[in-house]
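Biologist: Could you take me through this structure? I have not seen it before.

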Amino acid sequence: MEIERGGKAVRVTDTATSPTEVERIAEGLSRFVNGGDSIEGAVRRFRQLGLPETAVEQGRVEYERRIGRIRTLQDPRALVTRELENGYWYAGPKEDDTFWPALRKRLSEDLNEDALQSVDDSSDKIVGLLRPPGSEEIDTRGLVLGYVQSGKTTSFMSVIAKAADVGYRLFIVLSGITDNLRSQTQERLEDVLVNELDSSWFLLTRRDSDFQWPGNASNLLSTEGNRLLAVVKKNPYRLRRLVEWLDSSGNRAADCPILIIDDEADQASLDVGAKNRTSRINGLIGQLLRKRKAGYVAYTATPFANLLASPETAQSLYPRDFVVDLPTPANYFGPERIFGREPLTPDEDASVTNEGLDLIRHVDPAEVSEVQPPRGKGAVDSWDPSSPPSLVEAVRWFVLATSARRERGTGNPHSSMLIHTTMLATGHVRLSHPVRRVLDELRHAVATGDESVYAELRDLWERESKRVPPQDPGDDPVTWERLMPHLPDVLGDTRVVVDNYQSSERLSYANDEPTTAIVIGGNTLSRGLTLEGLVCSYFVRSASAYDTILQMGRWFGYRRGYGDLTRIWVTADLESWFFDLATVEEEIRRDIRRYEDEQLTPAELPVKIRSHPAMAITSAAKMRHAVQAEISYGGSRRQTILFNHHDGEWLSQNREAARQLLRDAGAASGAEVDTATGRHLVRDVPVSNILDFLATYNFHERAFNMRSDLLADYIRKQNGEGFLHTWNVAVIGHPDSTNGTIDLGSGHPVNLIQRTRMDMPGQSHANIKSLVSTVDRVADLHPEQVDLGEIGSRRSLSDASLLEMREDLLGDVGLLCLYPISKDSQPRSPGRRDGKRRRLALDAVDHVIGAALFFPKSRGTASGVSYYSADLSSESVEEPENVELIDEADETAARAAEGGDPARDR
């Protein structure tokens with residue numbers, strides 16, 4: 001038989017060898033490679049034993065089949081160095097393993113078979129991208145990209161279990177910057193990973209005890225049968241103690257295979273020190289990584305800072321060896337599903353649900369000042385918050401939804417509400433008072449049978465429950481009559497918890513008794529901490545960076561049994577930002593997939609992260625190594641989907657821009673009119689006419705990838721290299737005048753088309769989601785060149801195929817299409833209630849002109865447009881919480897508990 005190895009066909013003799021012998025050789029090769037040998041070195045060992053060449057080669061084939069050199073794992077997608085790709089060593093779990101089989105059995109209690117298989121496959125790949133524990137030096141840097149609240153802990157527990165089975169001995173989990181997150185992670189690892197294998201693990205930390213001094217390091221690290229586990233807060237005092245403990249073992253730490261898992265790796269770990277000065281936490285992590293047999297795997301759902309870090313410094317945590325993109329879990333409620341996103345390819349319009357679920361409710365900007373403290377030093381101390389209508393409605397909905405969940409009796413038994421309006425700890429305490437008043441008033445009204453309040457609750461329930469149907473099979477709609485009896489008990493069980501680094505009462509969920517809580521907090525709730533059964537969120541916290549905002553979305557995750565009951569109160573601006581960030585997030589993941597297909601390495605990864613007009617990508621300190629990126633419009637299509645439909649002057653200027661373009665273009669070339677399709681076409685339009693149009697047409701300010709300056713800059717760069725000088729202009733009208741006509745100055749009336757807007761309450765503009773059709777890419781081809789009707793009926797023909805067709809016929813000619821939209825456009829299904837956003841009548845004050853640009857592939861070297869971070873100096877945003885204050889408080893408390901000097905090592 002022949003197999004492929006290193007791109008060459010290798011013939012293996014088919015002489016019979018017993019399966020047992022082949023298995024024995026494959027197992028032996030696995031042990032040698034795990035111990036540090038290369039595959040070739042391990043094969044030489046067997047040859048030296050005098051075994052038949054055929055038997056050794058067949059054993060090698062079996063081993064390579066197991067480790068994936070003959071098969072390729074495509075899920076999850078990964079971006080890896082060629083060295084690791086060619087030196088893949090892990091053969092997967094074996095029947096006689098200890099740690100993974102026990103963990104798999106425990107996980108099977110909570111995960112279905114498909115989800116468990118996904119965790120199994122992805123952890124196989126991650127362990128295989130580490131280096132064998134027997135290697136002379138491990139020194140690995142990797143990144144695993146998950147989703148907010150998506151089960152990253154399950155992933156790294158599985159990696160730890162499999163690494164423990166092959167010989168890694170010390171496992172350090174760096175877990176956030178707060179005690180409650182560290183304790184929650186420790187508890188989860190003890191309950192799920194350690195559990196019945198308690199005798200096989202030595203715990204260096206406990207649920208109520210961070211790292212101190214767990215015993216003689218030399219003895220613990222030198223016992224090969226030991227598996228040591230430490231869950232350590234990212235705090236200078238704790239990390240310093242860990243480093244000192246390891247150093248006390250002498251060479252034992254250097255010989256011990258260490259795996260460091262950095263949870264929430266973009267927080268506190270990266271170097272944000274001043275020039276030529278490393279920040280304390282990053283420096284201490286760097287000391288851990290200087291152990292020659294230490295591997296490092298970062299886990300985060302917001303990788304912006306990690307991917308922008310410098311790969312050059314010794315303490316850099318840049319993922320130089322691999323990036324793994326975990327697959328989207330089934331039934332996961334993430335940014336894209338909740339808020340929707342922009343289509344990233346022309347063919348997505350018909351296949352991607354990018355409008356989001358109807359779960360968002362808006363907070364009027366005028367109400368924000370009632371729940372958010374004023375700016376200024378000390379201003380929060382005299383702040384007197386109140387409970388605006390949106391907050392009252394949110395609290396009432398939480399009580400109703402929790403009652404409905406109890407009636408159903410499915411899913412997570414706990415029920416939580418999140419209120420996040422500020423990062424100031426004093427502000428949390430003050431806001432808790434009006435929240436408690438709202439609850440007390442509701443308790444009194446229900447206890448006394450207040451008919452008016454009951455009527456309001458019933459109206460709220462029936463109105464909201466109609467908007468989103470049950471999302472999970474078997475979840476039936478809950479009627480008011482079935483819900484109402486649960487209200488007194490729910491109100492009696494609900495407690496208000498203030499959770500921040502200063503509070504004495506912290507959020508906790510007991511295993512034996514359901515918790516019902518309204519939690520008010522800030523940063524301690526926005527990093528890693530899981531809010532069990534989160535059904536309702538009230539979020540108006542202003543923030544300035546992608547990673548900060550995404551991490552605050554604690555409502556992302558799994559909502560089995562109550563996906564239809566989840567509600568999120570935010571401002572319209574924040575909803576728009578989450579929509580944009582869902583687009584940014586998906587774009588990064590697609591880049592990783594594309595780079596894997598092209599066999600690029602992380603060191604070669606030209607990270608492209610879109611900028612935004614109102615947000616920075618991450619903090620300035622984390623971006624100091626970032627450079628300008630170039631985003632190419634080559635081969636893309638760009639369309640307007642946002643319109644100020646109630647601004648007559650804005651709409652009028654766009655109609656005049658279209659008329660002027662058609663007049664100027666028509667003067668240079670005669671217009672063609674296709675009465676069968678309603679299309680008007682002008683060929684060979686000079687680029688100057690296109691640039692004039694871009695300068696006068698109003699693009700909506702929120703369309704951050706449809707900006708006239710960026711579009712024009714790209715076109716000019718192409719012109720500078722001799723390309724994209726000629727354009728065609730098409731007007732896409734309806735085949736008949738059913739929707740009316742408009743005069744655009746071309747000498748022929750143009751038939752209006754219909755486009756409706758999404759139901760997005762609180763937005764002053766119209767979002768039509770999609771303007772163009774796939775076939776518009778070839779709107780300027782002659783009928784004899786292509787049959788548009790035939791193309792339109794062939795659903796499999798993609799924009800990429802049409803681009804190739806058009807390039808073959810026209811070359812580097814650009815296409816600009818104008819879309820005259822009737823102001824009276826009506827939805828086809830106005831009564832739709834399937835949980836998605838409804839379509840509404842456009843209701844514009846005048847007819848709307850949409851525009852789309854279809855670019856040919858880029859020519860020359862100047863193929864990109866520079867993107868920059870926005871200037872936020874005029875924006876009212878909060879600064880990040882002072883981590884140094886948290887560190888100092890923790891260090892003082894820890895030393896006091898140990899009877900030490902709090903001033904030491906400052």
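**Strands and helices**

Modeller: Strand β16 (residues 534–539) runs parallel to strand β18 (residues 567–570), and 3 bridges join them. Please keep in mind that this is a predicted model.

Biologist: Which residue is the bridge partner of cysteine 536 in β18?

Modeller: The partner of cysteine 536 there is arginine 567.

Biologist: How many strands form the open sheet, and in what order?

Modeller: The open sheet has 6 strands with parallel pairing, ordered β12-β18-β16-β13-β15-β14. Its edge strands, each pairing on one side only, are β12 (360–362) and β14 (495–499). From one strand to the next, the twist averages 20 degrees.

Biologist: Turning to helices, at what angle do α10 and α12 cross?

Modeller: The axes of α10 (residues 236–247) and α12 (residues 280–289) cross at roughly 20 degrees and come within 10 Å. Angles under 35 degrees count as roughly parallel, so α10 is roughly parallel to α12. Their crossing is left-handed.

Biologist: Which residues make that contact?

Modeller: From α10 come Pro236, Leu239, Arg240, Leu242, Val243 and Leu246, and from α12 come Arg280, Ile281, Leu284, Ile285, Gln287 and Leu288. These contact residues comprise 9 nonpolar, 1 polar and 2 charged.

Biologist: What does arginine 182 touch?

Modeller: Leaving aside residues up to four places away in sequence, arginine 182 touches Ser175, Thr205, Arg206, Arg207, Asp208, Ser209, Asp210, Val231, Val232 and Lys233.

Note on methods. Residues numbered from 1 in each chain as written. Predicted model: local features only at pLDDT ≥ 70, side-chain atom pairs only at ≥ 80, totals over all residues. Heavy atoms only, no water. Contact = heavy atoms within 4.5 Å. Pairing = 2+ DSSP bridges. Helix = DSSP H or I, 4+ residues; strand = E, 2+ residues; numbered from the N terminus. Axes fitted to C-alpha atoms, helices over the stretch in contact; angles between N-to-C directions. Parallel < 35°, antiparallel > 145°, perpendicular 65-115°, else oblique. Left-handed = near helix turned anticlockwise from the far one by under 90°. Nonpolar A, V, L, I, M, F, W, Y, C, P; charged D, E, K, R; others polar.
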